[in-house]
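Dear colleague,

I am passing on the structure we spoke about, which you will find just below. Please look through it first, and then read the notes that follow.

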Amino acid sequence: MGAPLRAVLKQLVTRTVPSDLGKPVALVHRLNESFFLVPQADKVTVIFPMRFNDSIDTVLATSFLQEFVEARRTAGLNNAPPCLWSPSPPQELTEAFTEALSANAGFVSFVIFSRHVEGRKLDRTVWNLSTFHAYVNYHVKCSECFMHTRMRRQVESLIQALDRAKPDPEKAKKNSPNRSFKRMSLKDGNNSLGSRSWK
């Protein structure tokens with residue numbers, strides 16, 4: 001799967017001007033899903049339409065990708081490829097098929113320059129780009145699992161608090177005074193009233 005991607009990126013190393021300059025090249029990486037390469041003279045733009053079947057995964061992935069772009073701006077990642085996220089298709093994909101542009105979690109773009117594919121960096125860049133969707137999907141699932149675990153722990157702590165708030169029936173019996181009541185019948189009641197004399 002990485003062979004076409006490697007061939008396009010290698011043109012940056014050899015300084016070869018691609019014949020399909022500026023035209024998006026679609027590479028299928030999953031069933032009915034593809035990402036796009038836009039080769040140019042001095043760079044290659046790699047665009048991923050991010051699709052997720054579950055609505056929760058879509059929300060988590062959108063938040064994750066936005067944070068992913070913000071993390072790129074930190075001082076320690078100055079040499080990393082520029083990364084952009086947008087909810088709508090970039091201008092480079094104006095010639096792409098409409099069906100290929102259906103993305104419910106936005107579009108992620110990486111701009112690859114020659115310094116990112118020099119020497120041994122080429123294979124690592126090809127691997128990172130080829131597995132990017134799986135990388136995002138893995139972290140989305142891990143985030144969802146982490147939140148479920150936190151929610152379960154919270155529910156368990158609330159149940160324990162409710163259990164502690166319940167009165168203990170044995171302690172309630174010990175604290176209450178020992179009073180016993182004898183049930184009287186109607187006949188016993190009449191006899192007790194008849195035996196009284198008013199003085």
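**What was found**

The accessible surface of the protein comes to about 14400 Å², and 55% of that surface belongs to carbon and sulfur atoms. Please keep in mind while reading that this is a predicted model.

As for the overall layout, the secondary structure consists of six helices and five strands, which follow one another from the N terminus in the order α-β-β-β-α-β-β-α-α-α-α. The protein has 199 residues, of which 30% count as buried. Among its contacts with a separation of 6 or more, 61% are accounted for by residues 24 or more positions apart.

If residues up to four places away in sequence are not counted, Leu9 touches Val44, Ile112, Val117, Leu122, Thr125, Val126 and Leu129.

A last point concerns Asn79, which is found in the loop between α2 and β4 (83-86). Asn79 counts as exposed because its relative accessibility is 65%, where the cut-off for exposed is over 50%. Leaving aside neighbours within four places in sequence, Asn79 is in contact with Arg115 and His116; Asn79 and His116 are 37 residues apart in sequence, while their C-alpha atoms are 8.3 Å apart in space.

Key: Residues numbered from 1 in each chain as written. Predicted model: local features only at pLDDT ≥ 70, side-chain atom pairs only at ≥ 80, totals over all residues. Heavy atoms only, no water. Contact = heavy atoms within 4.5 Å. Helix = DSSP H or I, 4+ residues; strand = E, 2+ residues; numbered from the N terminus. Buried < 20%, exposed > 50% of the residue type's maximum accessible area, 1.4 Å probe, protein only. Areas by Shrake-Rupley, 256 points an atom, 1.4 Å probe, with all protein chains shown as cover.
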